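Hi,

Here is the structure I said I would pass on. Have a look at it first, and then read my notes below.

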Amino acid sequence: MTDQTPALRLDGIVKTFPGVRALDGVSFEVLPGECHALLGENGAGKSTLMKVLAGMHQPDEGRIFIEEQEVVLPTPLDAKAKGVVLIHQELSLAEEMTAAENIFLGELPRKRFGMVDWKTLFARAGEILKKLNCDFGPETKVSRLSIAKKQMVEIARALTVDAKAVIFDEPTASLTDAEKVVLFDIIRDLKADGVGIVYISHRMDEIFTISDRLSVLRDGAYRGTLVTAETDEDEVTRLMIGRSLDYSRNVQHAELGDIALEARNLSCDPLFRDVNFHVRQGEVLGFYGLVGAGRTEIAETLFGLRHPSSGQILLDREEVHVASPADAIARGISLVPESRKEQGLVLGMNCRDNMTLPQIGDLTAGPFVANGAEIAIYDQYRDRLEIKAPSWRSIVGNLSGGNQQKIVIGKWLAMKPRVLIVDEPTRGIDVGSKSEIHNLIRELARSGYAIIVISSEMPEVLHVSDRIVAMYQGRVMREFTSDEVTEDNLVQAISGIGGERAA
Amino acid sequence: MNNALTWLLRNPIWGFVLLIFVFFSVSNEFFFDPQNFKNILVQTSTIGLIALGMTLVMINGNIDLSVGATLALAASLAIDIQGWEVFASWGSWAILPGVLAGLLSGVLLGALNGFIVWKTGVDAFIVTLGAMLGVRGLVFIYTQEQSFFAMNFAYSDFGASSVGPLPTLAVLFLLFALITHLLLSRTVHGRNTYAVGGNREAAVNAGIRVGPHMLINFVIVGFFAALAGITLSTQMGASTPNLGREYELWTITAVVLGGTKLSGGSGTIIGTLGGVLAIGILRNGMNLMQVPAFYVLVILGTILIAVLFLDKQLTRRGKGELRT
Amino acid sequence: MVAETKPEAGRPARIRRRTGSNAMSVFAKQGILIAFALFIVGFAIFSDRFLSAENLMTVIRQSAIIGVMAIGVTVVVIGGNLDLSVGSMLSFSTVLVVDLHDQMGPGLAILVMLAATLCLGAVNGLLVGYARLNSLIVTLGMLSAIQGLVLIYSGGQNVDIVNQESTWFAIFGRGYVFGIATPIVIFLVFALLVHVLMSSTAFGRRVYAVGGNPTAAVFSGIRRSRVVFTTYLISAFATGCAAVILGSRVMGSQNNVGQGYELLVLAGVILGGTSLLGGSGNVLKTVVGVLILGFIQNGLLLMGFAYYVQWLVTWIVIILAVWLDVAAKRGRLFSPIA
Amino acid sequence: MTPKMKTWIAGTTAMAGIALAGGALAQDDPVTIGITQNNVGVDSYQTTYEQAFVDAAAANPNVETVVLDAGGDVARQIAQIQDLIQQRVDAIIIWPTNGNAVVPAVRQAHQAGIPVVITNSNIAEEGMDFIAAFSGPDNITQGAYSAELMCEALAEEGQDPAEASGQIVQISGQPGYTTAIERQKGFEDRLAEACPGVEIMETQPGDWNREKSQRVMEAFLTKYDTIDGVYSGDDNMGVGALNAAKAAGRADEMAFIGATNFAVGYEAMERGEYYGSIYQSPVDDAEAALQTALDVLAGEDVPKLNYFETPKITQENMTEFSKPVF
């Protein structure tokens, strides 16, 4: 492979931000027709490297070559013009514009007087969308597309130029499994056309599915490149964090207590219908299903953010009506939400204030907030969750994803809930922190919490749950104990194949 | 029919315009009259012209509070300069340098606002709130608190003139509305306006130069504010330093009634036209019906809030909404 | 549990840059105070009367009305909303308290006026807090509607307190408490109270949370609608207090007495460094912001400039002050936008 | 507010009546007179004017009115004039928001054959050809009267007012408004003639607003150690200045002269705190305007300029005047 001319090559890239060396002499290459995965924990320098590649950052030292021609990439547009395209993790589309306009954003074809040449635009965009097997036309407004289809628009952007290298940054973060398959087909097509792919992801299974080689960054430095077919997860993990991880199936059976929470024929039209489940003290109940299967919506209903259209919620075997999150909290239900940045944290607030927010009304001495009590709570959960923050005064927005997530978890543990619901506990955080959070969930269950874990990652659900509820299109398809569940029957259940319908 | 209905659902303000139009037509005999429609068009043209530019700025996710003061400055310059000794021998052509100077002042002030927003990164609301005070100061410094009068009646004749059956000012307004509509819906700059307001990050990454882009839109709103000042001054044949006070508030109101989101990214000229007409028809209709002035204030305020409320109910996402 | 977690690259640097003691971060925290000091020194050089205790007291006393309102509006803005209706509301409250004074005596008049003003605040609060309408437009509509209400109430007539000499109502605008003019005392005590409310109570924390991230606040069990509603009550209450000072100071009122105050109040809040995005801000800095406006007006007047020069200066000061604030927060002078 | 509602209803009914009659104006048919005022509610003068106008019209069975208010906005006033033309009223009375700016609209009314009467403050010279008449006070003369009062007030015991000397400050009305400009001009011109020894140290606007004027006066008091007199564009602002001076304990050292005598100014004069003002009755103003319009409609030969009397008022002659109702 090495005798080929690399599509893209970086040589000794150094990038410093005031006070820190984000990239310390990183070299990296991707060959035409190769999918080269880039791994590293959060903060290892992946994003910086990616931004250097895409022309969003300028390196302090080092050189960039495209097909062995040295280039300078002062702006994203220059990078794109030279055939290097970045597909963003967070969708960067203008909602009120058509798919075609988004695809050609920044370089809409012009006629006289700066008018848009709609004919050319729609024709070219239509061609690309067709190539991607999209079932919507180029004139569709983006606001009417689903998240997966929006992602397709994002990918279509890469195909507007004669791309030499395409960088995917966590492309599957919001995709369903079926959509992932389509994405991987597209990546294979690109490879077949001789395009070099840089694939950044936290998900090990994807990397092993799609990549040819993988390179690892740690602390801003290059740690080595492996051929995917010749390595395994352990080796990669060791390279990333300097140790190996236990990521096995959950086989522990905790001592179970009484039923803490139960749902009977719970419905919230049209999101989910006739859902039945219960969770005992000391038990972790996993919810697995595709995005949109209704899992998050069930959690939101239990937490008072939605009102059920019918059915019952029982807490300690007594029927309750959860009117609002405040009500849920008062009843001992806590929810670690799906999106920590949008739902979990006030990013501009400090660590302590975020952590004590749900109980601030109780932490008072007379009319005032009791400062000491607040700090005591923060210290307790900082130690217990090993949160790395300079001080309680640190603004949460400045912490890493893993530490932010621990603040959210700490915030809800501090409420000492009877039922803890965790929605996507490890989304977008690095491998090291992931494992810590999994262990934490198990540990909490052992100490008697009733826990509901919602996840889109099968290894995660298998790893932490005592029982698993498989959902498909708003209905519970099947409930598994950890003994009877296999990857195969779980996948089948969430795809609507087989499984006994729990009516 | 179905098409018309979906169109109306997307532009609910036109439904409201239709409603009050019918209401006033039925309840007041003077309302339904071609001459009155011409009056309404001329009366709305001032706020209307500014609203055209404001729509662009607001789709960008910005706002311009300084338009009222800009309007006064342009009007004062236009009237004063056409009376300068230097142009005494120019006859009616003396109007030209005055009008050009007025328009130029609007363009320059718009550029200044845009430049400050671009370079400092300070929120446009704050930048233009400052400018709203400061430009008014400029007006008073320039005019020394005086009103100016256009010696040449040709100037105010223009304001009262007609093109065919329609008043010139109405034609001018509709013409610019059409041009702005085409600008926004057909040109690259116009389409980029939605991108910059809808997702600035994406626009930056796509290589759109967001700073200069926003500057151009501020220049456009400055130009329209100045133009509105000039057309208003042709109606009066004069300018006053207090001209245009609170116009920024009514303009923003009209644009928001027309469906443009304050957060940016969406809005249309057709909607804005509806918003402007709604306010114009309400004012005209209430004048004709002799609603006491004190009540007009209450009614306008209430209707503004009510329309916002109804719009929210209409566009609500339905049952899937989270109770946050 | 696994102990090794890497801090994200770039993050420690940013934290260091913020807490560091370089000139930029001093500006970030204290830019407004520095600007304040510069103004005072500047005016003191050009006018020998400026720094007299008498003049300083005059300025603070004059700023008290806008100041008290600005404190209320700061709370609304921290909660992520705007309140433009305070100008008309001031007219309303002042006309009401002055008109009722002669009918029911000062004590009852103040109570009835406060109750009525709180009702207006509650309307704002219901529409913005519970109905979730955009606050700019709602309060703009209320600005117009309340102005109409005032005129309907008074029939357009000025109101006056007939017997001005023998009413204790005079104390609020004209009197002295321990040798300090009452408006100053009300202004500073109110500022202090609201500062404590915002910085040391659960309610204050909730307002910051709702302004910073309303969704996360709801997910934390905060009743967002109620919090927003309450911020409007506070703003209305502040306006009511300002009306007492104003009514007592003038012993009469015109119907449009508060016209245009909404923007001056907002200018003071902005100068105090409160972000219009919500979630951050400081009541005491609003006091400084309002005083800067007052000193600009007074200083330029003493220096003999025409009144409209102050508008020009205010323009420049607002942009420079907010620019420095923003620049310090992002660590560079110019915006990185291309 | 009730009479207003009544007029509203009456007006609407009347309009319908006119329309049925086909607009032919016979001798005994009621006439409809439209009025657009400057800014009712901004001060009591204008409000009292409006009430007096409505009352006067109601007293005359042959008169129907359309009462509009421009809210101080020139553009809105122009729109209202157009709306009045649209309604084919028989005559239009205009209280100009700005003397220059309404001229083209007045011209439109003139061209539509509707006679226009200007009330309270006159329009610019260029528009005089298009109006039937002006009715109102003479603001220049009022300013001059105030200047004469100032000279008298500053003259020492037995001294000829022309010999008076002193340093005074002026608080003017809302900048840009005709009344403010004319009073200031009348005052300054006359003062220079009547007592050249009196010097105006500074002029600042009080925007017709008592609180604003109080604030301006507070700054003057800080700035100047000696102030012998204060001239305010109306008594509302004058009382604000008086408040400030009293608070500073310096009210005794200066003379307060105003214009448009308000009730608060009248009372202050009674107490001897306020030297003098100009007595201007909004009732006279309104009745004069209506009468002028009726005279014009009746085809009488009306002079172009109809000033009603606005005499000086001081403590000495104040018993001759009834206390203003506003």
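I started from one residue, D:Asn98. Leaving out residues up to four places away in sequence, D:Asn98 touches B:Ser147, B:Ala238, B:Thr240, D:Val74 and D:Thr178; two residues are in contact here if their C-beta atoms, placed from the backbone, lie within 7 Å.

Before the rest, some housekeeping. Residues are numbered from 1 along each chain as its sequence is written, while chains are lettered from A and ligands numbered from 1 in the order in which they are written. Please keep in mind that this is a predicted model: local features need pLDDT of at least 70, side-chain atom pairs count only at pLDDT 80 or more, and totals for chains, interfaces and linings use all residues.

Back to D:Asn98, which sits in the loop between strand 3 (91-94) and helix 4 (103-111) of chain D. Helices (H or I, at least four residues) and strands (E, at least two) are DSSP runs, numbered from the N terminus. D:Asn98 counts as buried because 28 other C-beta atoms lie within 10 Å. The cut-offs, with C-beta atoms placed from the backbone, are 20 or more other C-beta atoms within 10 Å of a residue's own for buried, 12 or fewer for exposed, and partly exposed in between. The C-alpha atom of D:Asp73, 25 residues away along the chain, is 8.9 Å from that of D:Asn98.

Chain D splits into domain 1 (2-137 + 281-309) and domain 2 (139-279), with bounds from an automatic or database domain assignment. Taken over C-alpha atoms, the two domain centres are 33 Å apart. Where they meet, 9 residues of domain 1 of chain D are in contact with 8 residues of domain 2 of chain D.

Next, chains B and C. Their contact takes 41 residues from each of chain B and chain C. On the chain B side, helix 6 of chain B gives the most, with 13 residues. That side of chain B has 26 nonpolar, 10 polar and 5 charged residues (Ala, Val, Leu, Ile, Met, Phe, Trp, Tyr, Cys and Pro count as nonpolar, Asp, Glu, Lys and Arg as charged, and the others, Gly among them, as polar).

Chain C itself has 13 helices and 4 strands. Of its 338 residues, 64% count as buried. Its C-alpha atoms fill a box of roughly 75 × 55 × 40 Å along the principal axes.

What about the nonpolar core? The largest one has 481 residues, and those with the most contacts inside it include A:Val166, C:Met69 and D:Met150. A core here is a set of buried Ala, Val, Leu, Ile, Met, Phe, Trp, Tyr and Cys residues joined through C-beta atoms within 7 Å. Helix 4 (residues 86-130) of chain C provides the largest share of this core, 17 residues. Beyond four places in sequence, the contacts of A:Val166 include A:Val85, A:Leu190 and A:Ile197.

Last, chain A. The assignment gives domain 1 (8-241), domain 2 (245-332 + 419-503) and domain 3 (345-416). Helix 15 (residues 431-446) of chain A has 16 residues and spans 23 Å from first C-alpha to last, close to the 22 Å expected, which is 1.5 Å times one less than its number of residues. Among its buried residues are A:Lys434, A:Glu436 and A:His438. Just after helix 15 of chain A comes A:Gly448, with a positive phi of about 110 degrees.

Cheers
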